[in-house]
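Work through the exercises below with the sequence and the coordinates at hand. Each task is followed by a stepwise solution.

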Amino acid sequence: MGLVREEIVHIERELMLIGRYKELAATAAPVQERRLERGSSYILLSRLEAEGPMSIGQLAQAFSLDTSTVNRQTAVLLREGLAERIPDPEGGMARKLRITDEGLRRVAGEREYRLNGLATVLKDWSPEELASFAEGLAHFNASIEH
């Protein structure tokens, strides 16, 4: 593997498997209610839920994405009635996106689905193992953002 540490090779393999298991779970899950089709929809709506109205530029900056990418992703939210464009509540020039009641309902449903799935997978883990895993993931995500 050259200069890549063996531990990093192991981490890459485990992350690949997480992605594969996520795909399998999504296709095997019974469809009780329309779920958010794209992970990006859940992420964007969750941010709008937490932060309140945001412009395309603010969302792009928050996720370190190109504005054209965020524009395409938010177009899906607007088309499905999960978000709406509003004038900037603070009087700025840029219009902002706000999550709709339907968007809030769908985010809550998606979150519940994901939490129940995690609870099932992690049911035999101790509180210490869960805390350590959560701390490791938080550290990993912070490293990505910097």
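**Exercise 1: the chain**

Of the contacts in the chain with a separation of 6 or more, 50% are between residues 24 or more positions apart; contact means heavy atoms within 4.5 Å. This is a predicted model, in which local features need pLDDT of at least 70 and side-chain atom pairs pLDDT 80 or more, while totals for chains, interfaces and linings use all residues. Residues are numbered from 1 along each chain, and side-chain values use heavy atoms, without hydrogens and water.

Task: state which pattern the chain follows along the sequence.

Solution. The chain has six helices and two strands. Read along the sequence, the pattern is α-α-α-α-β-β-α-α.

**Exercise 2: a helix pair**

Task: describe how α3 and α4 pack.

Solution. Step 1: α3 (residues 56-63) and α4 (residues 67-79) pack at about 110°, with axes 9 Å apart. Step 2: α3 is therefore roughly perpendicular to α4 (65 to 115 degrees). Step 3: the contact joins Ile-56, Gly-57, Leu-59 and Ala-60 of α3 to Thr-67, Val-70, Asn-71 and Thr-74 of α4. Step 4: these residues divide into four nonpolar, four polar and no charged, with Gly counted as polar.

**Exercise 3: Thr-100**

Solution. Step 1: Thr-100 is in the loop between β2 (96-99) and α5 (101-121). Step 3: its side chain reaches the backbone nitrogen of Gly-103 at 3.0 Å. Step 4: leaving aside neighbours within four places in sequence, Thr-100 is in contact with Gly-81, Leu-82, Ala-83 and Glu-84.

Terms used
Axes are lines fitted to C-alpha atoms, for helices over the stretch in contact, and angles run from 0 to 180 degrees between N-to-C directions. Helices (H or I, at least four residues) and strands (E, at least two) are DSSP runs, numbered from the N terminus. Angles under 35 degrees count as roughly parallel, over 145 as roughly antiparallel, 65 to 115 as roughly perpendicular and the rest as oblique. A polar contact is a pair of N or O atoms within 3.5 Å; within protein, one must be able to donate a hydrogen and the other to accept it, and residues adjacent in sequence count only if both atoms are side-chain atoms.
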